Amino acid sequence: MQVQNKLDDYQKLLNTIKVLKENHGNAAVVAGMESTGSYSITLANYLSDTGWIKFCYLNPTPLHKHLAAESIHYAKTDKMDCYQIALYLLGHPKLRPYSIL
């Protein structure tokens, strides 16, 4: 699923997450992405405002080291990045959630 920086896409993403959450016994939801400046802030705020999604900004340096360690043949695609970020979140459950200062 591709999400553009607009409210309609954010709502579609949130609806998809809700369905997945319900289909998995209302499991806890953790979302994360690399900080991409102003473009990521609106999505971070939108997801954090739900109150039930733990959203984490990821520091690119340790994330890239993780990606490099995972595979010598790491193919840099959006799909693969998403998969690797999910694995990183699973392996680091103590990451602090994003909060608006």
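**Entry 1: S40**

I started with S40, which is buried, with a relative accessible area of 2%. I note at the outset that the model is predicted. S40 sits in helix 2. I then listed what S40 touches, leaving aside neighbours within four places in sequence: the contacts are M33, E34, S35 and Y57. Because buried means under 20% relative accessible area, S40 qualifies with its 2%.

**Entry 2: A44**

I moved on to A44 and applied the exclusion of neighbours within four places in sequence. A44 is in contact with M33, F55, Y57 and Y98. M33 and Y57 are on the list for A44, and I had already written both down for S40.

**Entry 3: the nonpolar cores**

Which residues make up the largest nonpolar core? I wrote down 12 in all: Y10, L13, L14, I17, V29, A31, M33, L43, A44, L47, I53 and F55.

**Entry 4: the fold as a whole**

I stepped back to the chain. Its secondary structure comes to four helices and two strands. Read from the N terminus on, the elements run α-β-α-β-α-α. The radius of gyration is 14 Å, close to the 13 Å that the globule rule gives for 101 residues, so the chain is as compact as a globular protein of that length. I also took the box filled by the C-alpha atoms along the principal axes, which is roughly 35 × 35 × 25 Å. Of the 101 residues in the chain, 26% are buried. For contacts between residues at least 6 apart in sequence, I noted that 57% join residues at least 24 apart.

**Entry 5: the largest pocket**

How much space lies in the largest pocket? I recorded about 1600 Å³. The lining has 36 residues, and the closest to the pocket centre are M1, L13, G32, M33 and C82. The elements that give two or more residues to the lining are helix 1 (7-23), strand 1 (29-34), helix 2 (38-48), helix 3 (60-70) and helix 4 (78-91). Helix 4 gives the most to this lining, with nine residues.

**Entry 6: the loop between helix 1 and strand 1**

I looked at two residues here. N26 is found in the loop between helix 1 and strand 1. Phi of N26 is near 55 degrees, a positive value in a residue other than glycine. A28 lies in the loop between helix 1 and strand 1 as well. Is A28 buried or exposed? I found A28 exposed, with a relative accessible area of 74%. I also took a distance from A28 to H64: the two are 36 residues apart along the chain, and their C-alpha atoms are separated by 25 Å.

**Entry 7: P93**

Last, I looked up P93, which is placed in the segment after helix 4. P93 is exposed, with a relative accessible area of 59%. Exposed means over 50%, so P93 counts as such at 59%. I took its spacing to V30 too: P93 and V30 are 63 residues apart in sequence and 9.2 Å apart in space, C-alpha to C-alpha.

Notes
Residues numbered from 1 in each chain as written. Predicted model: local features only at pLDDT ≥ 70, side-chain atom pairs only at ≥ 80, totals over all residues. Heavy atoms only, no water. 1 Å grid on protein atoms, 1.4 Å probe; cavity = no way out; pocket = protein on both sides within 12 Å on 5 of 7 lines; lining within 4 Å. Points joined across faces, edges and corners; volume = space filled by probe spheres on them. Core = buried A, V, L, I, M, F, W, Y, C linked by side-chain atoms within 4.5 Å. Buried < 20%, exposed > 50% of the residue type's maximum accessible area, 1.4 Å probe, protein only. Contact = heavy atoms within 4.5 Å. Rg over C-alpha atoms; globule rule 2.2 N^0.38 Å.
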